Amino acid sequence: MSIIQQHTSASLSDAWRTINIDALDPDSSQNFDTSTLHPPLPEISEAEVRQLNAQVRQLLRGGDSEGALRGCLESAVYNGSDGAKDAHMQTVVEVLQSIKASDMTPMLQRIYGSEGGSELLDVLMKYLYKGMSGGPSSSGGPRTPARNLTPQATGFSQVGSRPGVANESTGTAMSVLLSWHEKVVDVAGLGSIERCMTDWRKV
């Protein structure tokens, strides 16, 4: 009998393909906790976010739009619930919408030229991309308002709001975010986009 004929189906099994090589490698990520590579981030509660947003809005009402923007960016919510992140995102969009187009570039240049300014613009870039993502749980932009339905004698319901109003407000917010994106790239360069995409900290 030849050597080939002596091999059984068991000896010709491909079970060796199921071996997890990474588990045998001492340098593999499976053999240590990769979370230890990232410094711990303080958790921010929704109550703290509401308090912070109230301070930002107070600066905004006082005419200090640059201080309001700095306050939003310096206290970005990295570790918090979705509700806390969305609430802060709404405040960021509110601040961005309140700043005139002619003030955008000078304000970004002042922030960029200050200490830690490059990182602040990177944080702003994160919020811009989150706002442009369009998801209701992540955009932080204007939510679609609940439409009031009034029962009529005819059996139909009359919608209280004009059709398309929500789309118009969302489109306006998107236009503002795109304008800011252009200005941030002009001031901070394309590197801001790369740092935003590769940073493990998500807003």
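Which helix does Lys126 lie in? Select residues 117-132: that's helix H7, and Lys126 lies in it. Helices here are DSSP runs of H or I with at least four residues, strands are runs of E with at least two, and both are numbered from the N terminus.

Before you click further, keep in mind that this is a predicted model, where local features need pLDDT of at least 70, side-chain atom pairs count only at pLDDT 80 or more, and totals for chains, interfaces and linings use all residues. Residues are numbered from 1 along each chain as its sequence is written, and side-chain values use heavy atoms, with hydrogens and water left out.

Is Lys126 buried or exposed? Its relative accessible area is 6%, so Lys126 counts as buried (buried means under 20% relative accessible area, exposed over 50%, partly exposed in between, using a 1.4 Å probe and protein chains only). Setting aside neighbours within four places in sequence, Lys126 is in contact (heavy atoms within 4.5 Å) with Tyr78, Cys196, Asp199, Arg201 and Val203.

Now pick out the charged group: Glu119, Lys126, Asp199 and Arg201 are linked in a network of salt bridges. A salt bridge here is a side-chain nitrogen of Lys or Arg within 4 Å of a carboxyl oxygen of Asp or Glu. Draw a distance from Arg201 to Asp199 and you'll find their side chains meeting at 2.9 Å, N to O. Asp199 is buried, at 14% relative accessible area, while Arg201 is partly exposed, at 22%.

Next, go from Arg201 across to Glu119, where the closest N and O atoms of their salt bridge are 3.8 Å apart. This pair ties together distant parts of the chain: Arg201 sits in the segment after helix H9 (191-198), Glu119 is in helix H7, and 82 residues separate them. Glu119 is partly exposed, with 45% relative accessibility.

Then jump to helix H4, residues 65-74, which is mostly covered, with nine of its ten residues buried. Select Arg70 and Glu66 there: they form a salt bridge with closest N and O atoms 3.6 Å apart. The two are four residues apart in H4, about one turn of the helix, and both are buried. How many salt bridges does a search of the whole structure find? The count is seven.

Last stop: Thr170, in helix H8 (residues 165-188). Thr170 is partly exposed, at 36% relative accessible area.
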